[in-house]
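Here is a protein model to explore with you. Take a look at the sequence and the 3D view, then read on.

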Amino acid sequence: MTLTSFGPANRIQRSPETHPLTWRLRDDGEPVWLDEYQAKNGYAAARKAFADLSQDDIVQTVKDAGLKGRGGAGFPTGVKWGLMPKDESMNIRYLLCNADEMEPNTWKDRMLMEQLPHLLIEGMLISARALKTYRGYIFLRGEYTTAAKHLNRAVEEAKAAGLLGKNILGSGFDFELFVHTGAGRYICGEETALINSLEGRRANPRSKPPFPAAVGVWGKPTCVNNVETLCNVPAIIGDGVDWYKSLAREGSEDHGTKLMGFSGKVKNPGLWELPFGVTARELFEDYAGGMRDGFKLKCWQPGGAGTGFLLPEHLDAQMYAGGIAKVGTRMGTGLAMAVDDSINMVSLLRNMEEFFARESCGFCTPCRDGLPWSVKLLRALEKGEGQAGDIETLLGLVGFLGPGKTFCAHAPGAVEPLGSAIKYFRPEFEAGIAATSAAVVPPLARPIVVGA
Ligand SMILES: Cc1cc2nc3c(=O)[nH]c(=O)nc-3n(C[C@H](O)[C@H](O)[C@H](O)COP(=O)(O)O)c2cc1C
Ligand code: SF4
């Protein structure tokens with residue numbers, strides 16, 4: 001699979017007008033270093049932000065553009081920025097870039113960091129200026145060794161050019177930026193677990209409130225944003241709100257473009273920058289090329305392992321948060337996965353829930369105990385050794401681990417694919433129930449009924 005594939009026969013013309021995130025990419029896939037980045041108008045938005053805009057102007061512009069977080073939850077970025085304290089005396093505050101990216105099937109931030117490291121640095125620099133943060137950290141997934149190498153080199157280049165460090169662009173503003181590699185845990189992507197991990201603590205999510213804007217890293221005001229979110233900031237500041245809002249397709253309530261992708265047994269798996277509101281069918285057929293010969297699309301997930309399964313008939317949904325919500329799930333990271341007709345859903349879900357159970361931080365009981373329980377039931381069903389009532393118990397777990405029932409969003413994300421798989425493919429789960437089991441263990445004799 002290519003990290004940057006731009007459609008069959010490379011037929012997409014990328015330009016600054018239509019592809020604010022990716023137009024500077026090189027065709028050979030090599031990183032765009034500082035000289036080339038600046039030759040391609042790089043850091044022009046930062047210069048504008050420092051010379052012409054007040055800190056409040058930058059926040060307001062991002063708010064007006066309607067930029068929403070690209071880390072999965074879709075929280076409005078300008079609103080989050082507005083939560084940082086106004087009190088100037090609180091001068092120790094941090095900007096964290098969430099580059100943990102461990103969501104299965106998701107590799108969009110990796111591409112940005114490996115090939116356009118200065119776009120992220122410029123986005124962080126403008127954001128730091130707006131948020132008055134004097135120090136930033138890129139919390140990077142440990143396995144992303146190439147991204148770490150490229151980001152570290154780009155940070156050094158920016159420092160040498162006076163774009164990071166003291167008195168940036170003669171403004172009197174100081175901003176230091178560090179690349180911090182994590183040890184490779186999915187839960188480190190949850191923003192408060194990330195903060196704990198950065199502090200050297202165990203990566204458990206923190207109780208909210210207080211939110212990081214009030215009490216974050218080392219007890220100081222902190223803003224956490226995703227890589228792709230921050231990479232949108234230079235274009236918004238450089239080219240303006242009206243242009244940015246004009247990028248999305250009609251009908252989309254989200255603005256701008258999004259890195260979207262398709263993996264699985266499609267002809268052309270890849271990653272593309274597309275306007276919000278493009279249909280999943282276009283993404284699947286025109287960009288990913290449809291299924292490989294000999295395979296049929298059985299179902300698909302729109303944005304990572306923590307999103308629900310959809311059927312081929314849902315491909316006409318528009319790819320934006322509200323468009324995917326209309327068909328019953330979440331857009332997530334926007335990197336879709338095709339499941340072909342050779343895949344048994346029980347085995348697929350067993351595999352996924354093993355991942356989610358392993359990555360649970362163990363802090364709250366429903367998730368710590370519920371996810372391994374789902375794995376146990378799915379393993380039995382996979383072997384044809386399930387018992388009557390197992391599917392009801394699984395559905396009980398889906399309810400018991402759903403939104404609002406656990407300490408963080410890990411558990412709800414883990415059970416969303418399970419609930420939708422049972423909804424659409426229940427006969428495959430029923431087929432795993434041993435013929436005699438109903439007589440051996442009647443449903444009411446099962447130990448606990450959850451989520452009732
Ligand atoms: C289990 C879990 C894993 C997460 N992993 C990531 C991740 O790898 N990258 C990311 O940006 N956000 C991740 N998030 C979402 C973050 O908590 C947070 O919402 C996000 O970083 C905020 O940035 P944004 O507003 O720019 O999207 C995760 C959330 C959960 C519950
Ligand atoms: S939901 Fe899971 S990952 Fe989140 S705090 Fe609870 S145990 Fe930890």
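First, some ground rules. This is a predicted model, where local features need pLDDT of at least 70, side-chain atom pairs count only at pLDDT 80 or more, and totals for chains, interfaces and linings use all residues. Residues are numbered from 1 along each chain as its sequence is written, chains are lettered from A and ligands numbered from 1 in the order in which they are written, and side-chain values use heavy atoms, with hydrogens and water left out.

## Around ligand 2

Which residues are the closest to ligand 2? They are Cys361, Phe363, Cys364, Cys367 and Cys408, out of 13 residues that surround the ligand. To be counted here, a residue needs one of its heavy atoms within 4 Å of the molecule.

The shell divides into 9 nonpolar and 4 polar residues, with no charged ones. In this sorting, Ala, Val, Leu, Ile, Met, Phe, Trp, Tyr, Cys and Pro count as nonpolar, Asp, Glu, Lys and Arg as charged, and the others, Gly among them, as polar.

Ligand 2 sits in the largest cavity. A cavity is a set of points, on a 1 Å grid over the protein atoms alone, where a 1.4 Å probe fits but cannot get out. To sit in one, a molecule must have more than half of its atoms within 2 Å of the grid points.

## Two nonpolar cores

A nonpolar core is a set of buried Ala, Val, Leu, Ile, Met, Phe, Trp, Tyr and Cys residues joined through side-chain atoms within 4.5 Å. Buried means under 20% relative accessible area, exposed means over 50%, and partly exposed is in between (1.4 Å probe, protein chains only).

The largest core has 68 residues, and Leu120 and Phe175 touch the most other members. Helix 6 (residues 117-131) gives this core its largest share, 9 residues. Helices (H or I, at least four residues) and strands (E, at least two) are DSSP runs, numbered from the N terminus. Apart from that core lies another one, of 36 residues, including Phe309, Leu349, Leu401 and Ala414.

What does Phe175 touch, not counting residues up to four places away in sequence? Its partners include Leu95, Met124, Leu125, Ala128, Tyr134 and Ile168. A contact here means heavy atoms within 4.5 Å.

## Helices 14, 15 and 16

Helix 15 (residues 390-400) has several buried residues, among them Ile391, Leu394, Leu397 and Val398. The buried residues of this helix pack against helix 14 (365-382) and helix 16 (410-430). Gly396 is found in helix 15 as well, and at 9% relative accessibility Gly396 counts as buried.

Over in helix 16 you'll find Ala411. Why does Ala411 count as buried? Because its relative accessible area is 1%. Leaving aside neighbours within four places in sequence, Ala411 is in contact with Cys367, Leu401 and Thr406.

Helix 14 holds Pro372, which counts as partly exposed at 37% relative accessibility. With neighbours within four places in sequence left out, Pro372 is in contact with Ala357 and Cys367.

## A buried asparagine

Asn225 lies in strand 4 and is buried, with a relative accessible area of 4%. Beyond its neighbours within four places in sequence, Asn225 is in contact with Thr77, Lys80, Trp81, Leu96, Cys97, Asn98 and Leu230.

| Pair | Apart in sequence | C-alpha to C-alpha |
|---|---|---|
| Ala411 and Gly370 | 41 residues | 8.8 Å |
| Pro372 and Glu354 | 18 residues | 7.3 Å |
| Asn225 and Lys80 | 145 residues | 9.2 Å |
| Gly396 and Glu353 | 43 residues | 15 Å |

Most residues other than glycine have a negative phi, and most peptide bonds are trans. Now for some exceptions.

A cis peptide bond joins Lys208 and Pro209, with omega about -5°. Another cis bond joins Pro209 and Pro210, where omega is about 5°. Pro209 is in the loop between helix 8 (191-198) and strand 4 (222-226), and Pro210 lies in the loop between helix 8 and strand 4 too.

Asn41 is not a glycine, yet has a positive phi of about 70°. You'll spot Asn41 in the loop between helix 1 (34-39) and helix 2 (44-52). Glu101 also has a positive phi, near 25°. This residue is found in the loop between strand 1 (94-99) and helix 5 (108-115), and Glu101 is buried, with a relative accessible area of 8%.

Key
On a 1 Å grid over the protein atoms alone, a cavity is a set of points where a 1.4 Å probe fits but cannot get out, and a pocket is an open set with protein on both sides within 12 Å along at least five of seven lines; lining residues have an atom within 4 Å of a point.
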